[in-house]
Amino acid sequence: MLKKMGLAITCLFFVSATLANNTSREIDFNFDWKFTLVEDTALPTTIPLQDTAWRDVRLPHDWSVELDFDQSLEGATGYLPGGVGIYQKHFATPSKGEDKTSYILFDGVYNNATFWLNGKLLGENPYGYSPVYFDLSKYLKKDGSQNVLTVHVDHSRYGDGRWYTGSGIYRNVKLVTVDKLHIPIWGTFVTTPTITKEQGEVDIQIEVKNDTKDRRSFVLSTQIIDNEGHVVASTDDKERLKGERKETYSQSLKVQNPKLWDITDPNMYKAVTSVIYDDKTVDQYETPFGFRTIRFEAKKGFFLNGKSTLMKGVSLHHDGGLVGAAVPEGVWRRRLENLQAAGVNAIRTTHNPFSQEFLDLCDEMGFLVQNEFFDEFDYAKDKRLNYHDRHDDYITRGYVEHFQKWAKSDLKRTMLRDRNHPSVVQWSIGNEIEWTYVHYRYVTGFWTDPNDATKVDGSFWGAPPKFTPEEMKKRYDASPKGEHILADTAVKLNAWVKELDTTRPTTANLILPQVSHVSGYADAVDQVGYSYRNSVIPWAQTYFPNKQVTINENPGTWDDWKQVLNYPGVFSQFMWTGIDYIGEYHNKWPEKSGWGDILDLAGFEVQGWNYFKSVFINKPHISLGTLPLKDSGFEVDELSGLAVAKGNGSYRWRDSNMHWNYKKGDSVLVEVASNHSIVELFLNGESLGSRSMSESPDRLFRWVVPYNAGTLTARAGFDGQEIEATFETAGKATGFTFTSDKSVLQADAYDVAHLVVQLHDKEGRIVKTQNAHVTFEFAGNGRWLGVDNGASANVQNFQSNHLDTAKGRALVIVQSTKQAGLIKVVAKIKGLDDQTIIINSK
């Protein structure tokens, strides 16, 4: 039986429960699908459908990103269409299917999906972000004819998200075929009550299902295998299970000298659990995992493996730029590597669960993850401008219409899949939910117009609460309530989490925390994170000293990070956002994206990459950025010549140019990011003076410089240990480089290469202020995924074979097929020499 878990979250052992990677249990079901778009939103009545004229597609597949951007569509989801799509796959019944149990596992389908096998309804799943599986066994063909799996996806309400969602079967699909006596999908959960340097005590809960009618006696055998392939612990237990039943069994093991999973050294193990019946292994379940301990304390912070650890975090959405929501593992890997190089060690999955594949990468690479479930509860948000719902149009109706019926199922399925990842350290039940309970904002005192729930005192964002908790509680109790009470819903969600996992804390992202602290919402979860409300931190730590508060979302400025450094117990920030994403724009065509502080939509580094690296990494750093003074929020002091902020808002981080190309005489604000205390700036070898960190409230050193072409150099450091950063004025583009991050791909139909065009002048200097139109020719054993330049206003179809560069550069992504051979890509720019890349897929 299940062992009851305690609330303490120290000394834990976590596993990432995945299916054994062998054909006897799991088959990759991503290939050989048929697909069509249809006009009618009604479910088909005659299934299977005739599909000979449909497109051939492979999964993951996002049909929206294949289509054109359209100004008449909804900016909240990136001006891309939705629609209704139908997928079908023909396949043979697994060998000896009558003696087996077969499941189909979908990691994510967006959205309102309905599933059939051979015309028999399997079920539905409205939420586009939750995994779901179905038992196919009783509907599989037994006469040798082909089975047909049909999936109907209704994303006609294409504006149902506040960001780009994608459309279709956009995550992996697996066919899981097992013995009638087997471990079901997501059937293990492992913890360790004790970890020391000498020994790790392992408790593993294993669910076994018996689909036969007879009692079965069997042996449950588990081996722990380290990352060098050595068996480091094992145990066998004799068990028995009645027919047509399932039961959960417990096993305990001890691992000597366990190697810990950590952000700097993410050691992984795996547990291989076998079900042995009649002296034969009838099922085997492979579970990657990592040893690590987590502990959270109010006024003290977060401790990973006993060490105080600060979460240098970013919020991310789930799209990957030109690939849309169907993001290959290699695209995420490139992006995560770039974030990690800037010092990022934590990710908040905003505002929904991400894919199994994404969390596997976080396990492997050593990221801490705050796993978030929902953006709405009982009431809808305005998909165009956040806040509460103010529209009744069809296209923006979303998940809130399904929340009451489906929230428990969606949350639990997500947790069963994700609860064993060592990277996952927090469960977030929801994001800025208070906006949708309109009375909350009036309780703060910053909203005073009962006829306009968006009219707010402008000081709200930077001001502390107006009232004491007692006064706030009186105001809350007196406020009119709706049918649903936020605190009650949160209590329910929190209880569902605790039913499956008491080893990690729950949290929520609070946008009106002073009200949430007195209403019961904050009390419903273990700890709370604030959203753009740093000013409430001292108030909360004074009046609610036993409640741990931290930051779950903020712009990511130096002032934000100072809250983490200055307030004991505040252990995180999650900047908005680490990588640019499609959507969350309204009436700003052609701007379809533009929130990335570290990487742009193409995954290219912007100056924020340097800035946050100077803050997050304890190594000498210096880098340059420039802006026209008129666009910078600063002005020059006539007497001193120093840059003077026009207001506090001038110090909010914004991207700056990474070049030294302006018009002669232009006033340019030069910004240097460095973690040195003093920086000196030079133009063409002449010193422009030094600046001190004491003069830099946001850790950016600033000079106002009349532009002259040449070499701009920033220098810092003691004699013999100087570091410097340099910009050189580039001339007219006379050529371009064409490079690939890989010269060899695996011929597995998954591996990807990123190819980059970059203009340069005759001296080889990178040109960032001139652009050109690039045309690509593609041939060989590969798949063309698309093109982008990273610009937020680029609304050219991503599937094209040509585009204009931005900042002198462009990106191509190609993917291997299952056929080995050469992939050839030629880049052409009129008037410049062609460049060719050959990639060997093998």
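User: How much accessible surface does the protein have, and what share of that belongs to carbon and sulfur atoms?

Analyst: Bear in mind that this is a predicted model. The accessible surface is about 32,600 Å², and carbon and sulfur atoms make up 48% of that.

User: And what percentage of the residues count as buried?

Analyst: 61% of the 842 residues.

User: What does the secondary structure come to?

Analyst: Ten helices and 50 strands. On overall shape, the radius of gyration is 28 Å, close to the 28 Å from the globule rule for 842 residues, so the protein is as compact as a globular protein of that length. Along the principal axes, the C-alpha atoms fill a box of roughly 95 × 70 × 60 Å.

User: What share of the contacts comes from residues 24 or more positions apart?

Analyst: 70%, counting contacts with a separation of 6 or more.

User: Let's do helices. How many residues of α2 are buried?

Analyst: Seven of the ten, so to speak a mostly covered helix, spanning residues 356–365. The buried ones are Gln-356, Phe-358, Leu-359, Leu-361, Cys-362, Asp-363 and Met-365.

User: What covers those buried residues of α2?

Analyst: The cover includes the helices α1 (329–341) and α3 (403–418), plus the strands β23 (311–316), β24 (346–349), β25 (368–372) and β28 (424–431).

User: Which residue follows α2?

Analyst: Gly-366, and its phi is positive, near 90°.

User: What about α10, how many of its residues are buried?

Analyst: Nine of the ten in residues 607–616, so α10 is largely enclosed by the rest of the structure.

User: I want to check cis peptides. Where is the one involving Thr-577?

Analyst: It joins Trp-576 and Thr-577, with omega about -15°. Thr-577 sits in the loop between β32 (572–575) and α10. There's also a cis bond from Trp-589 to Pro-590, with omega near 5°, and Pro-590 is again in the loop between β32 and α10.

User: Switching to phi angles. What is phi at Tyr-387?

Analyst: Near 55°, a positive value in a residue other than glycine. Tyr-387 lies in strand β27, residues 386–388.

User: Is Tyr-387 buried or exposed?

Analyst: Buried: its relative accessible area is 14%, and the cut-off for buried is under 20%.

User: And Tyr-532, what's its phi?

Analyst: Positive too, about 60°, and Tyr-532 isn't a glycine either. Tyr-532 is in the loop between β30 (527–531) and α8 (537–543). With a relative accessible area of 24%, Tyr-532 is partly exposed.

User: Now Phe-302. Which strand is it in, and what does it touch?

Analyst: Phe-302 is in β21, residues 301–304. Leaving out residues up to four places away in sequence, Phe-302 touches Ile-294, Arg-295, Phe-296, Lys-307, Ser-308, Thr-309, Met-311, Leu-368, Gln-548 and Phe-571. Phe-302 is buried, with a relative accessible area of 0%.

User: How far is Phe-302 from Glu-553?

Analyst: 17 Å in space, C-alpha to C-alpha, and 251 residues in sequence.

User: Over to the other end of my list: where is Ser-740 found?

Analyst: In strand β42, residues 735–740. Ser-740 is partly exposed at 27% relative accessible area. Not counting residues up to four places away in sequence, Ser-740 touches Ala-753, His-754, Leu-755, Ile-837 and Ile-839.

User: Last topic, strand pairing. How many bridges join β45 to β47?

Analyst: Three, and β45 (residues 773–780) and β47 (residues 802–804) run antiparallel.

Notes
Residues are numbered from 1 along each chain as its sequence is written. This is a predicted model: local features need pLDDT of at least 70, side-chain atom pairs count only at pLDDT 80 or more; totals for chains, interfaces and linings use all residues. Side-chain values use heavy atoms; hydrogens and water are left out. Helices (H or I, at least four residues) and strands (E, at least two) are DSSP runs, numbered from the N terminus. The radius of gyration is taken over C-alpha atoms; the globule rule is 2.2 Å times the number of residues to the power 0.38. Buried means under 20% relative accessible area, exposed over 50%, partly exposed in between (1.4 Å probe, protein chains only). Contact means heavy atoms within 4.5 Å. Accessible areas come from the Shrake-Rupley method with a 1.4 Å probe; for residues, only the protein chains shown count as cover. Two strands pair if DSSP finds at least two bridges between them.
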